[in-house]
Amino acid sequence: MDQAETPTAIVTGASSGIGLGVTQALLERGWQVVATSRAIRTSKELKPASNLVLIDGDAGKKETAVKVVETAIKHFGRIDLLVNNAGIYVPKAFTDYTEEDYNLVMNTNVASFFYMTQQVIPQMKKQDAGHVVDISAVIADQPSSGAVLAVLSKSPMPAVSKALALEYAANNIRFNTVSPGVVDTPMHAGGNREAMAKFHPLNRVGEVSDIVDAILYLQNATFVTGENIHVDGGVHAGR
Ligand SMILES: NC(=O)c1ccc[n+]([C@@H]2O[C@H](COP(=O)([O-])OP(=O)(O)OC[C@H]3O[C@@H](n4cnc5c(N)ncnc54)[C@H](OP(=O)(O)O)[C@@H]3O)[C@@H](O)[C@H]2O)c1
């Protein structure tokens, strides 16, 4: 398969946790990847190669999205999958959140989705094919107290993804959401593992591979669009 026929993905927040796991899984399966985060070029796990381009940048800024998408097209000639994964978690009492917290969380979790997705659509339309997966969070469905900015920034994803699934169905571009429970990544490095496990009816913390499996399933499931897969050990079933 030459480079222009090899499937190509963009993964945001690819330096760590879920984004790193997805990037590695795609590379292992023969994909080409443009991986981005604020400081991905210092990554110990990912090194640039003929099938991997690393781009530093704030995913909440339009200029990063433009650069990432232009690079994907220049290097690989196509974009088959965008994984909107960059995100941060700032738990606080509601009235303790500052304007800076609000801007940081909304830029990282929401503006990144907006700019990246806008930029990939023209190329996917040209291809008459493409897929966008957004990483939400189960707390959008089953909110916990003390994390309202997580709920505010993650709850729109399934609805917006459905709206885009309809808007671009005629272009054969699919949009899906994955909603994780608590996953063992650096995001929760200091957390109490036993307490985090108890949050889930299945009584364990999620692994990065649990989320990667859902993304790979969605990529292969070409009749699935507008879907929200909960990978949360049963939390969405109710508590
Ligand atoms: N872990 C969980 O329990 C859990 C649960 C539900 C949902 N999620 C969601 O899953 C996604 C991945 O989380 P994770 O657990 O893998 O977290 P993580 O290990 O902390 O990784 C977060 C990634 O996002 C990047 N990032 C942060 N701010 C950024 C910005 N402004 N611009 C570009 N990249 C940025 C980080 O890299 P740099 O520092 O280099 O920028 C890193 O690569 C997030 O959207 C998160 O909300 C996670």
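The structure is a predicted model, in which local features need pLDDT of at least 70 and side-chain atom pairs count only at pLDDT 80 or more, while totals for chains, interfaces and linings use all residues. Residues are numbered from 1 along each chain as its sequence is written, and side-chain values use heavy atoms, with hydrogens and water left out.

Strands (E, at least two residues) and helices (H or I, at least four) are DSSP runs, numbered from the N terminus, and two strands pair if DSSP finds at least two bridges between them.

Strand β1 (residues 8–12) pairs with β4 (residues 81–84) in the parallel sense over 3 bridges, and Leu 82 in β4 is the bridge partner of Ile 10. With β2, strand β1 pairs in the parallel sense over 5 bridges; in this case Val 11 has Ala 35 of β2 as its bridge partner.

Strands β5 and β6 run parallel and are joined by 6 bridges, with Asn 176 in β6 as the bridge partner of Val 133. A further 4 bridges join β6 to β7, again running parallel, and there Val 178 is partnered by Ile 229 of β7.

The helices come next. Helix α1 (residues 17–28) and helix α7 (residues 208–220) have axes that come within 9 Å and cross at roughly 55°. That makes α1 oblique to α7; angles under 35 degrees count as roughly parallel, over 145 as roughly antiparallel, 65 to 115 as roughly perpendicular and the rest as oblique. The crossing is right-handed, meaning that the near helix is turned clockwise from the far one by less than a right angle, with anticlockwise giving a left-handed crossing. On the α1 side the contact (heavy atoms within 4.5 Å) is made by Gly 17, Ile 18, Gly 21, Val 22, Ala 25 and Leu 26, and on the α7 side by Val 208, Ile 211, Val 212, Ile 215 and Leu 216. By class, this contact has 9 nonpolar, 2 polar and no charged residues, where Ala, Val, Leu, Ile, Met, Phe, Trp, Tyr, Cys and Pro count as nonpolar, Asp, Glu, Lys and Arg as charged, and the others, Gly among them, as polar.

Leu 26 of helix α1 counts as buried, at 1% relative accessibility. Leaving aside neighbours within four places in sequence, Leu 26 is in contact with Ala 9, Val 11, Trp 31, Val 33, Leu 81 and Leu 216.

Helices α2 (residues 62–76) and α3 (residues 99–127) pack at an angle of about 30°, with their axes 8 Å apart. The two are therefore roughly parallel to each other, and α2 passes α3 in a right-handed crossing. Residues of α2, including Val 66, Val 69 and Ile 73, meet residues of α3, among them Tyr 115, Met 116 and Val 120. By class, the contact has 8 nonpolar, 3 polar and 1 charged residues.

Finally, two loop residues deserve a look. Asn 172, in the loop between α5 (156–167) and β6, has a positive phi near 60° and is partly exposed, with a relative accessible area of 44%. Asn 203, in the loop between α6 (193–198) and α7, has a positive phi near 55°. Most residues other than glycine have a negative phi.

Notes:
Axes fitted to C-alpha atoms, helices over the stretch in contact; angles between N-to-C directions. Buried < 20%, exposed > 50% of the residue type's maximum accessible area, 1.4 Å probe, protein only.
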